[in-house]
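Thanks for coming, everyone. Please bring up the sequence and the model on your screens. I'll walk you through a few places in turn.

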Amino acid sequence: MSTAPDHSTTSQTGNGLLIVLAHPDDEAFGLAGTISLLRARGVPVTLITATRGEAGEILVTELATRDSLGAVREKELRDAMALAGVDDIRLLGYRDSGMAGTPENDDPRSLVRAPAGEVVSMIAMTIRDVRPAAVITFGADGIYGHPDHIAIHHHATAAVALAADEGAPVGLGEPWRVASLYYNALPRERVQRMAQRADGPFRSLSAEELANLGTPAREITVTMPVADVVETKERVIRLHRTQIDPRGPFAGLDREQVKLIMSWEFMRRVDLPWSPADNPARDPVAELLASRQPDVEAVIRDLEAV
Ligand SMILES: [Zn+2]
């Protein structure tokens, strides 16, 4: 027996954030500042990570073997998110599909081979369980085109619609309309500028990759200042120890450059087929942004410096 939830009131869980990504560490570079700031404000944050990143690199060889990497990365994820204040982590248990064109793409357990309906249902069930005000996932660009990033973008976007659908299959829980959907973004022009630096990250990318990487700046609607938690963010990133060059996440750049790169986080708010007024929940991302009152001139100065 169940009682219908009262959609007219905002429960505590109705004001939270759900983040849906593919691998341990996807949350660190682009969102760890926003996550830390939201947790400091008491906003509930749930993270869905679809795989354990089994096909990732092992940059510090003594930390993991190919066989142990998934378990090691799950521990890294839990440690990193504990530092950011998040303990509600839900792994979907798919296998990392690897970069495009690698043999891992063909593994039947991989995220890219998983039936869409199955993945979408799992995410929709979590949306109905958590009842978040906002959802963040990747955009169709997958930041840099990783097949799992693109897959989870499609699945999470479909799950937001399925969770809201009154006619969805029974067993998913009571319908829930999120107030906002965001795609985590990397400003394309900034990456293109950074790639021109002989010592910068992204310098190994081809012209074709650079032309399609990230999101055009004009499409980015959220530029979140996170400079005041940048030390925490760096520690979160470094806890993904197998994924970080021991010399530092941006080895080759000086301290100030690294700080500038990490001091802003970007998103694109996506139109939903229902009105924000349909959901009484307050969007925690929009509220955080409004509370930060970013200095537009500082944004432009910082973004052009790197
Ligand atoms: Zn990833």
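Start with helix H8, residues 230–238, and helix H9, residues 255–262: they pack at an angle of about 90 degrees, with their axes 10 Å apart. Keep in mind that this is a predicted model. How do H8 and H9 lie to each other, given that angle? Angles from 65 to 115 degrees count as roughly perpendicular, so H8 and H9 are roughly perpendicular to each other.

Who makes the contact? From H8 come Val230, Glu231, Lys233, Glu234 and Ile237. From H9 come Arg255, Val258, Lys259 and Met262. Sorted by class, the contact of H8 with H9 holds 5 charged residues, 4 nonpolar ones and no polar ones.

Now step back to the whole chain. The protein chain has 306 residues, and 53% of them are buried. It contains 11 helices and 7 strands. Take the contacts with a separation of 6 or more: 79% of them join residues 24 or more positions apart. The accessible surface comes to about 13900 Å², and carbon and sulfur atoms account for 52% of that.

Helix H3 covers residues 116–130, and it packs against H5 at an angle of about 55 degrees. Their axes are 8 Å apart. The crossing of H3 past H5 is right-handed.

The contact list here has two sides. H3 brings Ala116, Val119, Val120, Ser121, Ile123, Ala124, Ile127 and Arg128. H5 brings Ile152, His155, Ala156, Ala158, Ala159, Val160, Leu162, Ala163 and Ala164. By class, the contact of H3 with H5 has 14 nonpolar residues, 2 polar and 1 charged.

Is Ala156 buried or exposed? Its relative accessibility is 1%, so Ala156 counts as buried; the cut-off is under 20%. Leaving aside residues up to four places away in sequence, Ala156 touches Val20, Ile123 and Thr137. Look at Ala124 as well. Ala156 and Ala124 are 32 residues apart along the chain, and their C-alpha atoms are separated by 7.9 Å.

His146 lies between helix H4, residues 142–145, and H5. With a relative accessible area of 4%, His146 is buried. Which residues does His146 touch, not counting those up to four places away in sequence? They are His23, Asp96, Gly98 and Met99.

Asp25 is in the loop between strand E1, residues 17–21, and helix H1, residues 26–40. Asp25 is not a glycine, yet it has a positive phi of about 100 degrees. At 16% relative accessibility, Asp25 counts as buried.

Arg131 is the other one. Find it in the loop between H3 and strand E4, residues 134–138. Arg131 is not a glycine either, and its phi is positive, at about 55 degrees. Arg131 counts as buried too, because its relative accessibility is 12%.

So, two pairs to take away. H8 and H9 are roughly perpendicular. Thanks, and over to you.

Terms used
Residues numbered from 1 in each chain as written. Predicted model: local features only at pLDDT ≥ 70, side-chain atom pairs only at ≥ 80, totals over all residues. Heavy atoms only, no water. Helix = DSSP H or I, 4+ residues; strand = E, 2+ residues; numbered from the N terminus. Buried < 20%, exposed > 50% of the residue type's maximum accessible area, 1.4 Å probe, protein only. Contact = heavy atoms within 4.5 Å. Areas by Shrake-Rupley, 256 points an atom, 1.4 Å probe, with all protein chains shown as cover. Axes fitted to C-alpha atoms, helices over the stretch in contact; angles between N-to-C directions. Left-handed = near helix turned anticlockwise from the far one by under 90°. Nonpolar A, V, L, I, M, F, W, Y, C, P; charged D, E, K, R; others polar. Parallel < 35°, antiparallel > 145°, perpendicular 65-115°, else oblique.
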